[in-house]
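Opening the notebook on this one.

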Amino acid sequence: MIRSAIFDGPHLPLRVEASDRPALRPGEALVRVSLCTVCGSDLHTFLGRRKEKTPCVLGHEPVGVVEEVAGEVLAVGGEPVRVGDRVVWSVAVSCGACFFCTHGLPQKCESLRKYGHEPVTPQCGPLGGLSTHCHLLSGTAIVKVPANLPDGVAAPAGCATATVAAMLRAAGKNLSPPPFPDDGESGSCVVLGLGMLGLTACAWAEALGITAIACDVSDARLAQAARFGARHLAKPDALADLVKSVTHGRGADTALELSGAPEAARVSLEVLRVGGTAAWAGAVFPTDPVPVLPEQVIRRCLTVTGVHNYAPPDLDAAVRFLAANHVRFPFAELVAKSFPLADVNGAFRFAEAERPVRVAVVCD
């Protein structure tokens, strides 16, 4: 028997409901969910700031153990997925054959489905992480989790960590060190917004030998960024001068915008060097316009790229990064508290009161 937390609409209590195990089709799997972290977008849905079809099962940052496999199911690296494997999986389910899937954007598949966003139907099992089990559809990117990686650290790989991987890749970074020649030049990266994604970006930059310059309005988050590898810290009003000082007046090679604030997007262009790249991922809701001077973009040879979700190799890179660095940086501390599935509403109340911390719902 499966138990799932059902979301019926904003501000309504989630209800834990039982259902039968689904009949799997070839290429599908059923995973027993160990735990699922509550992402900021789950909270936004719960509070009515984004709309989902209801009823649905929220949660897209789960980790679990494979209980059943139908036919051949392959992980991102090409190895077979077997019963007993501990895994994480992608937010997106992609067909692999449409225009976007064949042009490097499987997360924008023309027949896209997304875990934590799909309505409950009789045709399949739960498609969200806030459940004892999750039905993995064909086209899901699956990555096996090394034994040394704790569940609470591995779970955010399926959203936060993989998104940072996609941003770094979009900015032209090699995600496996050492990406730079031995000439003493490591590069520089401004990270704007120090929630879970921003802290992960600081740690990943440090792991790659890139100088991370962290920016946020919060003193507490800035202090935390230092523990995640940021070598320089600044409030927004002091950022431009700090970047000039650190980069000998050139400006930063890369700026990652993760706060969603229009002013941060504007500043991300301001602090770049000639030839620099800004990657934006924070503004997933409508915002005020950002003033951009085309002449400056042209003369300074700037690149601006948007990143929304990620491709399967980014999830694989995320797990490898966490496995190699979760002891070096305090990732376990980013999940503040755990709740049983029976108290899933307590988890959401805690998350709302303590934003932007992550909470975990233990589902098994």
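**Largest pocket.** I started with who lines it, and α7 gives the most to the lining of the largest pocket, with five residues. Helices here are DSSP runs (H or I, at least four residues) and strands are too (E, at least two), numbered from the N terminus. Before going on, I noted that this is a predicted model, where local features need pLDDT of at least 70, side-chain atom pairs count only at pLDDT 80 or more, and totals for chains, interfaces and linings use all residues. Residues are numbered from 1 along each chain as its sequence is written, and side-chain values use heavy atoms, with hydrogens and water left out.

How much space lies in the largest pocket? I read off about 1,300 Å³. I counted 49 lining residues, with Leu197, Leu258, Ser259, Gly260 and Gly282 the closest to the centre. The elements giving two or more residues to this lining are α1 (40–46), α4 (196–207), α6 (236–246) and α7 (262–270). By class I get 25 nonpolar, 15 polar and nine charged residues in the lining. For the classes, Ala, Val, Leu, Ile, Met, Phe, Trp, Tyr, Cys and Pro count as nonpolar, Asp, Glu, Lys and Arg as charged, and the others, Gly among them, as polar.

My terms: on a 1 Å grid over the protein atoms alone, a pocket is an open set of points with protein on both sides within 12 Å along at least five of seven lines, a cavity is a set where a 1.4 Å probe fits but cannot get out, and lining residues have an atom within 4 Å of a point. Points are joined across faces, edges and corners, and a volume is the space filled by probe spheres set on them.

**Second largest pocket.** I put this one at about 270 Å³. Its lining has 19 residues, and Ser19, Thr121, Cys124, Gly125 and Pro126 are the closest to its centre. β1 (2–6) and β2 (15–19) are the elements that give two or more residues here. I sorted the lining into ten nonpolar, five polar and four charged residues.

**Cavity.** I found one cavity of 30 Å³ or more. The largest cavity has a volume of about 60 Å³. Its lining is Gly152, Val153, Pro156, Thr161, Met196, Thr200, Leu322, Phe331, Leu334 and Val335. α2 (151–154) and α4 each give two or more of these.

**α4.** α4 has twelve residues and reaches 16 Å from first C-alpha to last, close to the 16 Å expected at 1.5 Å a residue (1.5 Å times one less than the number of residues). Is α4 enclosed or open? Eleven of its twelve residues are buried, so α4 is largely enclosed by the rest of the structure. Buried means under 20% relative accessible area, exposed over 50%, partly exposed in between (1.4 Å probe, protein chains only). Among the buried ones I noted Met196, Trp204 and Glu206. Gly209 follows α4, with a positive phi near 80°.

**Two single residues.** Gly249 sits in the loop between α6 and β12 (252–257). I have Gly249 as exposed, at 52% relative accessibility. Its C-alpha is 8.5 Å from that of Arg273, 24 residues apart along the chain.

Ser188 lies in strand β9 (residues 188–192). I have Ser188 as buried, with a relative accessible area of 5%. Not counting residues up to four places away in sequence, Ser188 touches Ile210, Thr211, Thr247, Gly251, Ala252, Asp253 and Thr254 (contact means heavy atoms within 4.5 Å).
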